[in-house]
Every structure is written in structure tokens, then in C-alpha cells.
Amino acid sequence: MSRRCELTGKGVLTGNNVSHANNKTRRRFLPNLNDVTLTSDTLGRSFKFRVSAAAMRSVDHRGGLDNFLAKAKADTLSPAAAKVKKEIEAAQATA
């Protein structure tokens, strides 16, 4: 399982640990990923995603999973999230 947020695409960054003596060693900055279950109001189902804490705040800020996915770009979403986005768009088009 990759260390990448399924909704925002946020992943691992690299940098340096810098000591007091200015020695530099490589390090990794890992995203704060959590396994969460988000509910779609349009579909009436729940979906499990591995998302960052920042993505959870964004989902809450936009008013839920449906609104977040409506504004999200398809290239930043994981294949599973893109599939959910298409299902929601199809359900909204028929309603």
C-alpha cells in the first residue's frame, strides 16, 4: 500500500536532517494518513479511503464527500475515488 492520499494525491516528501554541526542526512516526510469511511449522500453508501488529515478537513469544509469529489480533479484522485466520482455524477445526472 503506497503512502499517498487517495483524495488529494499528497505523498512522501524528502529532505535533510540538519544537525547542530550542519551535517546533513536524508530523511522522509510522511503524510498523516488515516483509514476512514466516508458516506455519499447521493448514493447512500459508505466508502473506505486512506486519506490525509488535511483531506479530511477539506471534505468537511466543502460539505461532504459528494461536494468534494464534484470539485476534485480526476488526475489527483486514486482509481477507486475516481470510480466513486463517476458513480456520483451518473446518479446526479439521472436524478
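**Group meeting: core, hairpin and salt bridges**

Let's start with the core. The largest nonpolar core has 18 residues. Leu-7, Phe-49, Val-51 and Leu-69 make the most contacts inside it. Two or more residues come from each of β3 (33–40), β4 (45–52), α1 (53–62), α2 (65–71) and α3 (79–94). By nonpolar core I mean buried Ala, Val, Leu, Ile, Met, Phe, Trp, Tyr and Cys residues joined through side-chain atoms within 4.5 Å. Nonpolar side chains tend to be buried together in soluble globular proteins.

A word on the source. This is a predicted model: local features need pLDDT of at least 70, side-chain atom pairs count only at pLDDT 80 or more, and totals for chains, interfaces and linings use all residues. Numbering runs from 1 along each chain as its sequence is written, and side-chain values use heavy atoms, with hydrogens and water left out.

Helices (H or I, at least four residues) and strands (E, at least two) are DSSP runs, numbered from the N terminus.

Back to Val-51. What does Val-51 touch, not counting residues up to four places away in sequence? Cys-5, Leu-7, Asn-32, Leu-33, Asn-34, Val-36 and Met-56. Contact here is heavy atoms within 4.5 Å.

Now the hairpin. Strands β1 (residues 13–18) and β2 (residues 24–29) run antiparallel, joined by six bridges. Pairing takes at least two DSSP bridges between two strands. Asn-16 has Arg-26 as its bridge partner in β2. Val-18 has Lys-24. Five residues lie between the strands, and Asn-22 in the turn has a positive phi of about 65°.

Look at Arg-27 next. Arg-27 sits over the face of Phe-29, 3.8 Å from the ring centre. The rule: NZ of Lys or CZ of Arg within 6 Å of the ring centre and within 35 degrees of the ring normal.

Last, salt bridges. How many does a search of the whole structure find? Two. The criterion is a side-chain nitrogen of Lys or Arg within 4 Å of a carboxyl oxygen of Asp or Glu.

Take Asp-35 with Arg-50: closest N and O atoms 3.9 Å apart. Asp-35 is in β3 and Arg-50 in β4, so the pair ties together parts 15 residues apart in sequence. Asp-35 is exposed, at 64% relative accessible area. The classes are buried under 20%, exposed over 50%, partly exposed in between (1.4 Å probe, protein chains only).

Then Arg-45 with Glu-87, at 2.8 Å between the closest N and O atoms. This pair links distant parts of the chain, strand β4 and helix α3, 42 residues apart. Arg-45 is partly exposed at 41%. Glu-87 is partly exposed at 26%.
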